[in-house]
Amino acid sequence: MGKSTKKEITDIIKSSEPIDYDKLRLDVLKSLVESRNIDCKQTKEEMVKNFTSTNLLPYLGLVGFLEIISVCLLVYPRTILFGAVGVTSVMSAAAVIHLSYMGGVGVFVPIVIGVLSWLVYYLRK
């Protein structure tokens, strides 16, 4: 992190106004996506609609948390096996949901991500 980023974070912490954490996380994500010129095809509203239609909206935060933890475990060499298993588990569940509730639309991406996690495991092992 650069000095300007560290200064901005300390300014936010010291300010007396309440922090909108949802907006803060989306701003960070948006700046990361824009800096890498990535085109996101699915918006937040579409994800919420998909989770609502499958009655899984209460688990949206848990799924995101498990994805982040699994990727962190996948990156760290001592826990790479646990990360590969975690990513595969979450992506397998996503593939099953896409097949059973959504008629197979979008099932390819979770399968590819699960396979890539094992490729990362075998290449780093």
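The protein has six helices and zero strands, where helices (H or I, at least four residues) and strands (E, at least two) are DSSP runs numbered from the N terminus. Along the sequence the pattern reads α-α-α-α-α-α. The model is predicted, so local features need pLDDT of at least 70 and side-chain atom pairs count only at pLDDT 80 or more, while totals for chains, interfaces and linings use all residues. Residues are numbered from 1 along each chain as its sequence is written, and side-chain values use heavy atoms, with hydrogens and water left out.

**Overall figures**

Of the 125 residues, 16% count as buried; buried means under 20% relative accessible area, exposed over 50%, and partly exposed in between (1.4 Å probe, protein chains only). The protein exposes about 10,100 Å², and carbon and sulfur atoms supply 66% of that area. Accessible areas come from the Shrake-Rupley method with a 1.4 Å probe, and for residues only the protein chains shown count as cover. Among contacts with a separation of 6 or more, 41% are between residues 24 or more positions apart; a contact means heavy atoms within 4.5 Å.

**The nonpolar core**

In soluble globular proteins, nonpolar side chains tend to be buried together. Here the largest nonpolar core has seven residues: Leu-74, Ile-80, Ala-84, Val-87, Val-90, Met-91 and Tyr-121. Such a core is a set of buried Ala, Val, Leu, Ile, Met, Phe, Trp, Tyr and Cys residues joined through side-chain atoms within 4.5 Å. Helix H5 (residues 80-101) gives the most to the core listed above, with five residues.

Val-87 is found in helix H5 and is buried, because its relative accessible area is 8%. Leaving out residues up to four places away in sequence, Val-87 touches Ser-70, Val-71, Leu-74, Ile-113 and Ser-117. The C-alpha atoms of Val-87 and Glu-67 are separated by 6.4 Å, with the two residues 20 apart along the chain. Glu-67 is also among the contacts of Met-91, along with Pro-110, Ile-113 and Gly-114, when neighbours within four places in sequence are left aside.

Ser-70, one of the residues touched by Val-87, is found in helix H4. Ser-70 counts as buried because its relative accessibility is 6%. With neighbours within four places in sequence left aside, Ser-70 is in contact with Gly-83, Gly-86 and Val-87.

Thr-79 is placed in the loop between helix H4 (60-75) and H5. A relative accessibility of 18% means that Thr-79 also counts as buried. Thr-79 touches Leu-73 and Leu-74, not counting residues up to four places away in sequence, and Leu-74 is one of the core residues.

Rings of Phe, Tyr and Trp (its six-membered ring) pair if their centres lie within 6.5 Å; planes under 30 degrees apart count as stacked, over 60 as edge-to-face and the rest as tilted. By this rule the count comes to three aromatic pairs. One of them joins Trp-118 and Tyr-121, which are edge-to-face at 5.4 Å centre to centre with 85 degrees between the planes. Both residues lie in helix H6 (residues 108-124), three residues apart, about one turn of the helix. The rings of Trp-118 and Tyr-122 have their centres 6.3 Å apart and their planes at 40 degrees, so this pair is tilted. Trp-118 and Tyr-122 are four residues apart in helix H6, again about one turn. Ring pairs link Trp-118, Tyr-121 and Tyr-122 into a cluster.

| Residue | Relative accessible area | Class |
|---|---|---|
| Trp-118 | 25% | partly exposed |
| Tyr-121 | 11% | buried |
| Tyr-122 | 58% | exposed |

Tyr-121 is also part of the largest nonpolar core.

**Surface and backbone**

Tyr-59, Leu-62, Phe-65, Leu-66 and Ile-69 form a nonpolar patch on the surface, with about 480 Å² of accessible area together. Like charges are joined within 9 Å, and nonpolar side chains (Val, Leu, Ile, Met, Phe, Trp, Tyr) within 5 Å.

Most residues other than glycine have a negative phi. Asn-55 has a positive phi, near 60 degrees. Asn-55 is found in the loop between helix H3 (44-53) and H4, and is exposed because its relative accessible area is 63%.

Terms used: Patch = residues over 30% accessible without salt bridge, like charges linked within 9 Å, V, L, I, M, F, W, Y side chains within 5 Å. Salt bridge = Lys/Arg side-chain N within 4 Å of Asp/Glu carboxyl O.
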